[in-house]
Amino acid sequence: MAQDDQPATPAISAMGRHAPAIGHFYGRIVDGKTNKGMSGVSVQLVQSIFNPVTKAKRDSVIEGQITEPKGDFSFTNLPILGSYQLKVTAIGYKLFTEAIAFNLKLGQSSDPELRANAVDKDLGNIKIQVDAETLSSVVVTSSKPLIQLGIDRKIYNVEKDIAAPGGSAVDIMRNIPSLAVDIDGNVTLRNTAPTIFIDGRPTTLTLDQIPSDDIESVEIITNPGAKYDASGGTAGILNIIMKKNRKAGYNGNVRAGVDKRGGYNAGGSLNVKQGKLNFFGSGNFRERKTISPGTTDRLTFISDPENKLHQVDNNVNSGYFVFGRVGLDYLIDNRNTLSLSGTLVHGTFKPTTNSQLTLDSLFSNGYSNSSFTQRNSLTNDAFNNKQGMVSFKHTFPKAGEEWSSDMNYSSGNNPSFNSTTSDIYQTIGAPDFSVYSQQQQGNGTNQYITAQTDYTNPFSDKSKLEAGARVAARNVSSLNNTSILDETGKEIFQPLLSSNYNYHDRVIAGYLTYTNTIGHLGYQLGLRAENSNYHGYSTFAVKDGQNPGSIKDTAGSFSNNYPVSLFPSFYLSYKINDNDELQFNYTRRIDRPNFFQLFPFTDYSDSLNLNKGNPDLRPQFTNSVELNYQKTYKGSNSFLASVYYKYTTDLITRYQSKEINPITDSLVLINTFINAQSSYVGGLELIGRNSITPWWDLTSNLNIFTSKINTADSIQTSPANYSWFAKLNSTFKLPGNFTLQLTGDYTSKTVLPPGGSASQSGPGWGPTVSGNSQGYSKPTGTVNASLRFEFLKKKAANITLSIDDIFKTRRSDVFINSAYSTQETYRIRDPQFVRLQFNYRFGKFDTALFKRKNNKAEQDNIPQNGTEGPMN
């Protein structure tokens with residue numbers, strides 16, 4: 001072999017030595033006449049390197065393969081900087097050579113598919129008897145910023161968030177622009193509740209059930225088009241991308257941490273790729289204790305007498321959470337991949353609430369009395385969830401053409417037990433007046449299955465057609481049995497306060513979108529059609545009107561059917577120049593009432609906070625328009641301005657009404673749901689990302705908005721007013737491998753979020769972001785900080801110290817004014833909460849890791865590409 005043909009080791013240039021070795025070229029060699037795959041063809045990857053001895057460049061073979069029976073070849077672990085030359089030789093065929101390279105522009109795209117294609121490039125079918133067309137360049141980025149701003153979405157890269165490790169998805173959301181998070185972990189996007197997706201699919205998991213260490217990035221899609229589910233219309237989508245690594249060899253991490261109350265967490269992940277198989281798995285255990293004191297002041301004038309309640313609560317919630325996830329990708333060949341994955345989740349929580357209640361009653365005749373109650377509530381809740389997914393993806397020789405399909409299954413149950421004892425006194429310190437003890441035992445189950453298929457066909461590099469279909473079905477059940485304890489402690493079952501409820505819904509959908517660019521003008525037209533229905537049935541006890549003092553079992557049912565609902569979408573963009581872009585979009589979307597909003601029974605587990613669903617609720621429809629302007633500056637600086645308006649009909653919102661308690665025959669207040677006539681949300685949002693200095697990055701966010709709920713004249717609602725939300729996220733690279741991150745946010749007085757059926761706090765009545773037509777929240781804000789120190793070779797290990805709510809300013813202060821009462825509720829939760837976290841990353845990128853050798857490589861003494869040691 002000539003000197004210029006001698007093999008070289010990886011990382012062969014100064015530029016290549018410092019570039020991540022994550023590049024991947026693959027393709028298929030075919031006969032130019034028959035288009036059949038050719039086996040036994042020699043494929044080499046050549047790079048020009050600098051010889052320090054001769055002071056000259058020479059070509060050197062860095063990878064070589066013999067094609068498989070179908071003509072497939074694949075080169076992995078390639079440095080992304082520098083240029084390459086592909087050489088294909090076979091006896092009786094012309095030598096094929098082509099220059100290929102990784103381009104460093106498209107990796108900054110907001111489209112995750114484009115970023116993924118940047119490191120996994122299909123070179124297509126290569127015909128070797130004639131000259132081939134120049135291969136398209138690949139686009140990648142060697143380092144992702146914390147936040148990437150795009151016209152249609154914002155991408156938050158979790159690996160750059162030093163406050164994320166050791167927590168849940170809720171902790172990540174606190175740092176993302178546009179998102180406001182209350183003290184209970186409920187998330188709002190532009191003052192409405194978004195729909196949560198995982199890897200582009202709806203999920204039954206809540207944000208506090210997803211470990212932050214398993215999340216790669218979060219996509220914030222404010223106005224999703226026809227390709228996405230039409231549900232979740234009032235806000236948008238938070239798409240959580242889970243970690244999955246396809247680098248050849250193995251890589252992973254181990255982690256552990258502790259918080260100020262002794263709660264600890266531990267976990268790890270492992271990814272192994274060898275040949276056609278890619279395995280990934282992760283596990284996480286997290287223990288947590290939260291403390292949330294609060295007060296409630298309520299004036300009730302529903303009947304005679306008027307009652308004034310002052311309630312002081314101290315809530316302590318202790319529990320643990322276990323999360324496990326495994327998956328397998330089988331690369332059938334270069335263009336067909338079969339994937340399997342599964343998730344198991346288990347958690348147990350034991351909230352304890354001690355309450356002191358002072359009740360003053362004033363009768364119309366001037367008489368008044370008072371009482372004092374000491375109430376203790378003990379709850380034991382658990383949740384269990386299992387999910388599985390199978391998916392298949394096929395890519396075509398034409399760049400960008402692909403077909404995929406997947407099926408997802410999820411099931412879970414939520415057993416719960418609550419015991420409440422109330423000691424009632426005439427005054428504080430007086431002898432017992434009476435004792436009331438109640439127990440409630442329940443269990444909820446859910447099953448959710450979806451099947452989806454998608455196809456993309458690019459007509460050219462500027463136009464493409466996308467089409468897909470989806471079916472989703474869900475079954476939910478709820479059983480609640482309530483008992484009252486007599487003086488001897490004997491349980492007396494209360495059928496009038498118990499319930500058994502089952503619910504089923506189904507959605508069948510199809511979509512079609514067409515995208516094209518003409519000069520500087522781009523557009524996308526989309527249409528989604530959905531057929532949906534839901535029905536529920538229940539068994540419960542009622543008083544027998546014909547036999548006073550007796551009860552009887554009865555059954556009820558409800559249903560709703562929408563044969564065909566159409567959801568158009570329209571996107572228009574104009575590229576003024578390389579740095580300025582305008583975009584306008586319009587969508588129509590839907591929110592269907594969820595299980596608890598339809599639940600036809602009153603929940604008596606808290607006698608002072610009664611909740612009930614409304615089986616007569618109708619879906620709400622939202623029309624949204626948005627105008628965006630993006631400006632890109634030098635040095636990774638950018639600015640995004642958005643004007644948005646959403647108009648909703650038949651809005652689903654909370655409402656306070658009254659009904660008769662079936663046990664006491666007294667009039668009580670019920671928190672339920674109604675369809676309001678309409679609502680609107682409108683505002684201006686500004687987001688800036690600036691590299692102030694090489695060591696200081698700043699992301700700023702300001703949202704000025706207004707909202708209003710319109711109801712019937714007889715229903716009292718809060719007036720519209722302008723509110724604002726601001727968030728700053730600063731990252732400082734300090735000397736000595738230290739990094740400091742500061743995040744602060746502030747929310748002004750705000751009308752309660754006007755609707756949306758997304759619930760993010762797990763099973764139960766709340767806290768749920770579903771809006772209230774009769775109230776507002778008072779201002780709140782917080783400042784969080786994290787300090788990270790990186791050490792060991794290639795910064796493989798790090799220790800992070802975090803503190804949330806440094807100045808004890810984060811609170812929930814909500815005022816509600818209805819026709820029957822006024823109420824203010826004030827709470828705080830875990831101020832100045834400190835966490836300490838350790839993380840260690842490891843890995844070895846080596847295609848010969850498991851002694852897999854390429855015969856041709858051994859014959860020609862071509863080394864396998866590999867590096868060993870901690871991961872970059």
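Modeller: Let us begin with a term: a residue is buried when its relative accessible area is under 20%, exposed when over 50%, and partly exposed in between. Please note that this is a predicted model.

Colleague: By that rule, is Arg190 buried or exposed?

Modeller: Arg190 counts as buried, because its relative accessibility is 4%.

Colleague: Which side chain does Arg190 meet in a salt bridge?

Modeller: The partner is Glu626, with an N to O distance of 3.1 Å. This pair links distant parts of the chain, 436 residues apart: Arg190 lies in the loop between β12 and β13 (195–198), and Glu626 lies in strand β33 (residues 620–633).

Colleague: And Glu626, buried or exposed?

Modeller: Glu626 is buried, since its relative accessible area is 3%.

Colleague: How many salt bridges are there in total?

Modeller: The count comes to 30 salt bridges. One of them joins the side chains of Lys70 and Asp333 at 3.9 Å, N to O. Asp333 counts as buried because its relative accessibility is 8%.

Colleague: What about Arg827 and Asp184?

Modeller: Their side chains meet in a salt bridge as well, at 2.3 Å from N to O. Arg827 belongs to strand β46 (residues 821–827), while Asp184 sits in the loop between β11 (179–181) and β12 (187–189); the two are 643 residues apart.

Colleague: Why does Asp184 count as buried while Arg827 is partly exposed?

Modeller: Asp184 has 18% relative accessibility, so it counts as buried. Arg827 has a relative accessible area of 24%, and is therefore partly exposed.

Colleague: Let us change topic to the sheets. What is the strand order in the open sheet that contains β1?

Modeller: That sheet has three strands in the order β4-β1-β7, and its pairing is mixed. The edges are taken by β4 (72–79) and β7 (121–127); each has a single partner strand, so one side of each lacks a neighbour in the sheet. Neighbouring strands are turned by 20 degrees against each other on average, direction ignored.

Colleague: How do β1 and β4 pair?

Modeller: Strand β1 (residues 21–30) pairs with β4 in the antiparallel sense, over six bridges. As an example, Gly27 has Phe73 in β4 as its bridge partner. In general, strands of a sheet pair through backbone hydrogen bonds, either parallel or antiparallel.

Colleague: Now the chain as a whole. How many helices and strands does it have?

Modeller: The protein chain has five helices and 48 strands. Of its 872 residues, 51% are buried. Among contacts with a separation of 6 or more, 69% involve residues 24 or more positions apart. The chain exposes about 38500 Å², and carbon and sulfur atoms supply 56% of that area.

Colleague: One last residue, please. Where is Glu790?

Modeller: Glu790 is in strand β43 (residues 780–791). Glu790 counts as buried because its relative accessibility is 17%.

Colleague: Which residues does Glu790 touch?

Modeller: Leaving aside residues up to four places away in sequence, Glu790 touches Asn737, Lys795, Ala797 and Asn798. Glu790 and Asn839, 49 residues apart in sequence, are separated by 9.5 Å in space, C-alpha to C-alpha.

Terms used: Residues are numbered from 1 along each chain as its sequence is written. This is a predicted model: local features need pLDDT of at least 70, side-chain atom pairs count only at pLDDT 80 or more; totals for chains, interfaces and linings use all residues. Side-chain values use heavy atoms; hydrogens and water are left out. Helices (H or I, at least four residues) and strands (E, at least two) are DSSP runs, numbered from the N terminus. Buried means under 20% relative accessible area, exposed over 50%, partly exposed in between (1.4 Å probe, protein chains only). Contact means heavy atoms within 4.5 Å. Accessible areas come from the Shrake-Rupley method with a 1.4 Å probe; for residues, only the protein chains shown count as cover. Two strands pair if DSSP finds at least two bridges between them. Axes are lines fitted to C-alpha atoms, for helices over the stretch in contact, and angles run from 0 to 180 degrees between N-to-C directions. A salt bridge is a side-chain nitrogen of Lys or Arg within 4 Å of a carboxyl oxygen of Asp or Glu.
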